[in-house]
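Please walk through this structure one part at a time. The text below begins with charged side chains, then turns to a cavity and to the strands.

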Amino acid sequence: MWATERSGRDLGDIAERFPHFNDWLRGSRRPTLRQLEQFAKATHAPLGALLLPEPLSEPLPVPDFRTMPDAETERPSVDLLDTIFLCEQRQEWYREFARSSGQEALPLVGSLSLATPVPEAAQALQDALDFGVDERAYMPRWSDALTALIERAESAGVLVMVSGIVGGNTHRALDPQEFRGFAVVDELAPVIFVNGADTKAAQIFTLAHELAHVWLGQSAVSSANLVRPENHEVERWCNAVAAEFLVPMNSFRDDFNRNQPLDQQLRRLARRYKVSTLVVLRRVLDAGYIDRPTYEDAFEDELRRVLAVIRESEGGNYYNTQPYRTSRRFARAIVESTLEGQTLHRDAFRLLGFKKFSTFEGLREHLGIH
């Protein structure tokens, strides 16, 4: 039963695929080895773990700071676990690559603390990333702003991976209601993962939130929750830094028009700052223009509206998407290392999330590596 719950699969679907499933649970029938292998594959569970007398214990390998009210967070899904494990494998490879290349520790990692005032911390991110409000205001789409922030974070040495699926498996979609992102901090190879199944506007805030984690030097799985006060001091600080970084309060007060209806304000300012209307609404609260009960009611209404909007697809040209799924910085490094004979093609394919040499060649050409 634990394997089914862990996979997130519906019990009815499992019972339909495996007609004797209920008999297995009751102990009146034992599965054959072949059936057990098929069940392990269907639930993404290790075959050996199914033979253990007790359910497999799999705590998250990084601190869990999620506080999403609608998500069951007692047992992390196999999709979340597999995504973290894959990112850790990429990080391990890149750490050794960076060390062998003579790269020094990144001074930005852990350069701030919870005692750092929020405006000062946000300015530190701004100084490193140069992601100004006026520049964003002229970007036509939220995806343009997201791409710009990713590229600047990677230029600073952070590996940013944005994907809505597990590895390269398009049949395993990630659920933004379970998690929005995580950071795995390392002085040579800090990794940020952003759940690409979320809206582009939400991804921008998640990325900024996880960048704050890197500057703080604190790994975490996050919900980037804005509606209720966070239970964790670290999350409250990262949320505040991300909000100030993306929507500086001084600029926000100048842009806010008290004579305009709130819903119109949210859309206008979201376009200017290239964030979600939910982030703008939070800044309205932070500025003291509305009280918390009004904020929470407005947040729930706006959240329902946002969720009803069709999310931007991850689709399109594979080679445009793939480098962002794995981190362009990482993809370039491992492709070059493989061509130089330092990394096996087999290992490169596994970490990049595909199996064909032709896909590797296509990625090499797209990255401009000769």
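**Charged pairs, a cavity and strands**

The side chains of Glu 365 and Arg 364 meet in a salt bridge, at 3.8 Å from N to O. A salt bridge here is a side-chain nitrogen of Lys or Arg within 4 Å of a carboxyl oxygen of Asp or Glu. Glu 365 is exposed, with a relative accessible area of 57%. Arg 364 is buried, with a relative accessible area of 15%. Buried means under 20% relative accessible area, exposed means over 50%, and partly exposed lies in between (1.4 Å probe, protein chains only).

Elsewhere, salt bridges that share partners join Glu 244, Arg 282, Arg 283 and Asp 286 into one network. This is a predicted model: local features need pLDDT of at least 70, side-chain atom pairs count only at pLDDT 80 or more, and totals for chains, interfaces and linings use all residues. Residues are numbered from 1 along each chain as its sequence is written, and side-chain values use heavy atoms, with hydrogens and water left out.

Look at one link of that network. Asp 286 forms a salt bridge with Arg 282, and their closest N and O atoms are 3.0 Å apart. Both residues lie in helix H13 (residues 277–286), four residues apart, about one turn of the helix. Helices (H or I, at least four residues) and strands (E, at least two) are DSSP runs, numbered from the N terminus. Asp 286 counts as partly exposed, at 35% relative accessibility.

Asp 255 and Arg 272 meet through their side chains in a salt bridge of 2.7 Å, N to O. This pair links distant parts of the chain: Asp 255 sits in helix H11 (residues 249–255) and Arg 272 in helix H12 (residues 262–273), 17 residues apart. Arg 272 is partly exposed, at 24% relative accessibility. How many salt bridges does a search of the whole structure find? The search finds 18.

The structure holds one cavity of 30 Å³ or more. A cavity is a set of points, on a 1 Å grid over the protein atoms alone, where a 1.4 Å probe fits but cannot get out; lining residues have an atom within 4 Å of a point. The largest cavity has a volume of about 60 Å³. Volume is the space filled by probe spheres set on the points, which are joined across faces, edges and corners.

Which element gives the largest share of the lining? H5 does, with four residues. Helix H5 (78–100) and strand S2 (165–166) each supply at least two lining residues. Among the residues that line the largest cavity are Thr 83, Arg 90, Ile 165, Gly 167, Phe 193 and Arg 325.

Strand S2 and strand S3 (residues 169–173) run antiparallel, joined by two bridges. Two strands pair if DSSP finds at least two bridges between them. Ile 165 stands opposite Ala 173 in S3. The hairpin of S2 and S3 has two residues between the strands, and Gly 167 takes a positive phi near 60° there.

Finish with the sheet. Four strands form an open sheet with mixed pairing, in the order S1-S5-S4-S6. Strand S1 (159–163) and strand S6 (220–222) are the edge strands, each pairing on one side only. Inside the order, strand S4 (residues 181–184) and strand S5 (residues 191–195) pair in the antiparallel sense over four bridges. Val 184 has Val 191 in S5 as its bridge partner.

Conventions. On a 1 Å grid over the protein atoms alone, a cavity is a set of points where a 1.4 Å probe fits but cannot get out, and a pocket is an open set with protein on both sides within 12 Å along at least five of seven lines; lining residues have an atom within 4 Å of a point.
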